[in-house]
Amino acid sequence: MEKKFKPVTIVFKVSDNIKEMMIKHYEDMKCDKTPPYAIFQVKDFDCVTTLYESGKVMFQGIGADIEASFWTEQERILNNNIIDTTPKEKDKKEKDEKKVFVNESSVGSDEVGTGDYFGPLVVTASYVPKDKFDFMASLGVRDSKKITDDKIKEIAPKILKEIPHTTIVLSNKEYNAYHSTDMNMNKVKAILHNKCLLSVLKKDGINCNKVVVDQFEPPKSYYAHLARVPELVKDITFMTKAEDQCYSVAASSIISRYTFLVEMKKLNDRFNIEIPLGAGTMVDEVGATLVKKYGKDILEEIAKLNFKNTDKINDILKTR
């Protein structure tokens with residue numbers, strides 16, 4: 001049975017620099033009226049975002065997870081601040097189901113780079129059998145968004161040696177080509193997840209019936225994106241926060257993050273400049289600097305052009 005999405009509420013406090021980023025980010029989207037003590041409120045079709053003067057931000061709706069994850073990622077990148085938005089479990093049955101689930105071997109997939117203007121989109125699928133659970137636990141494996149980049153650089157090479165996996169790095173040129181045909185981010189992700197999962201399931205010695213995808217949209221939409229692919233992985237278990245519940249998804253999250261960081265270092269070395277992660281104001285400034293030096297075509301090669309940062313970079317250049 002297809003899982004029905006329920007509205008959720010996520011609340012946490014942001015740092016002062018992230019608070020300023022949010023004000024600028026949502027400047028053109030805020031509602032005319034705001035709740036008491038709120039700086040702004042934005043109503044999207046699947047999420048209502050409210051930032052309060054205290055620095056607390058509240059996300060409400062079926063899209064709250066996705067919207068909140070962008071800002072927790074900015075906290076992690078810019079402030080090394082790990083914010084856990086995992087809801088407290090109230091239902092004992094849910095807890096028991098999770099305990100049973102982690103005791104299964106599985107193939108799982110996850111992606112990194114969807115919230116970063118610069119750098120590629122990276123998707124990984126991994127196979128973690130039960131006899132590798134102790135190994136994964138010894139490394140402290142969990143969701144890469146809850147592990148510092150230094151820790152990821154330490155443990156990812158060990159995981160790469162021990163865990164069967166497939167990683168696809170989608171360059172910015174490829175990503176921009178997809179979007180030029182009106183293919184949205186979720187369709188691109190669905191295609192890459194399917195390719196990675198197929199590759200791992202076909203590897204020698206892998207006999208696994210449990211396939212898990214860190215859910216980024218409803219299953220019906222996911223499969224609709226893949227209607228024309230020649231070979232499809234079916235019977236997938238879609239889970240939100242899967243990185244904290246499934247070792248194979250957690251491994252994929254860490255491998256993807258590690259690969260993304262390696263690719264970003266290549267960009268830093270190539271341009272001899274520290275290219276910021278995420279999609280904040282520092283990204284706009286560095287983007288304008290690169291365009292001024294190398295021309296506008298450089299963005300097609302190293303950035304995701306459909307992000308609002310592209311327009312902001314052009315606005316900065318008009319004033320210089």
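Reader: Among contacts between residues at least 6 apart in sequence, what share joins residues at least 24 apart?
Author: That share is 71% in this chain. Keep in mind that we're looking at a predicted model.

Reader: Okay! How many helices and strands are there?
Author: The chain has 12 helices and nine strands. With a radius of gyration of 20 Å, close to the 20 Å that the globule rule gives for 320 residues, the chain is as compact as a globular protein of that length.

Reader: And what box do the C-alpha atoms fill?
Author: Roughly 60 × 45 × 40 Å, if you go along the principal axes.

Reader: How much of the chain is buried?
Author: Of the 320 residues, 48% are buried. As for the accessible surface, that is about 16600 Å², and carbon and sulfur atoms account for 50% of it.

Reader: New topic: charges! How many positive and negative side chains are there?
Author: You'll find 50 positive and 49 negative ones. The centres of those two sets lie 1 Å apart.

Reader: Nice. Now I've clicked on His179. Which helix is that in?
Author: His179 sits in helix α6, which covers residues 172–180.

Reader: Which side chain does His179 make a polar contact with?
Author: That would be Tyr175: the two side chains are joined by a polar contact of 2.9 Å.

Reader: And what does His179 touch if we skip residues up to four places away in sequence?
Author: Then His179 touches Asn184, Met185 and Asn306.

Technical notes: Residues numbered from 1 in each chain as written. Predicted model: local features only at pLDDT ≥ 70, side-chain atom pairs only at ≥ 80, totals over all residues. Heavy atoms only, no water. Helix = DSSP H or I, 4+ residues; strand = E, 2+ residues; numbered from the N terminus. Rg over C-alpha atoms; globule rule 2.2 N^0.38 Å. Buried < 20%, exposed > 50% of the residue type's maximum accessible area, 1.4 Å probe, protein only. Contact = heavy atoms within 4.5 Å. Areas by Shrake-Rupley, 256 points an atom, 1.4 Å probe, with all protein chains shown as cover. Lys, Arg positive; Asp, Glu negative; His and termini not counted. Charge placed at Lys NZ, Arg CZ, Asp CG, Glu CD. Polar contact = N/O pair within 3.5 Å; in protein donor to acceptor, adjacent residues only side chain to side chain.
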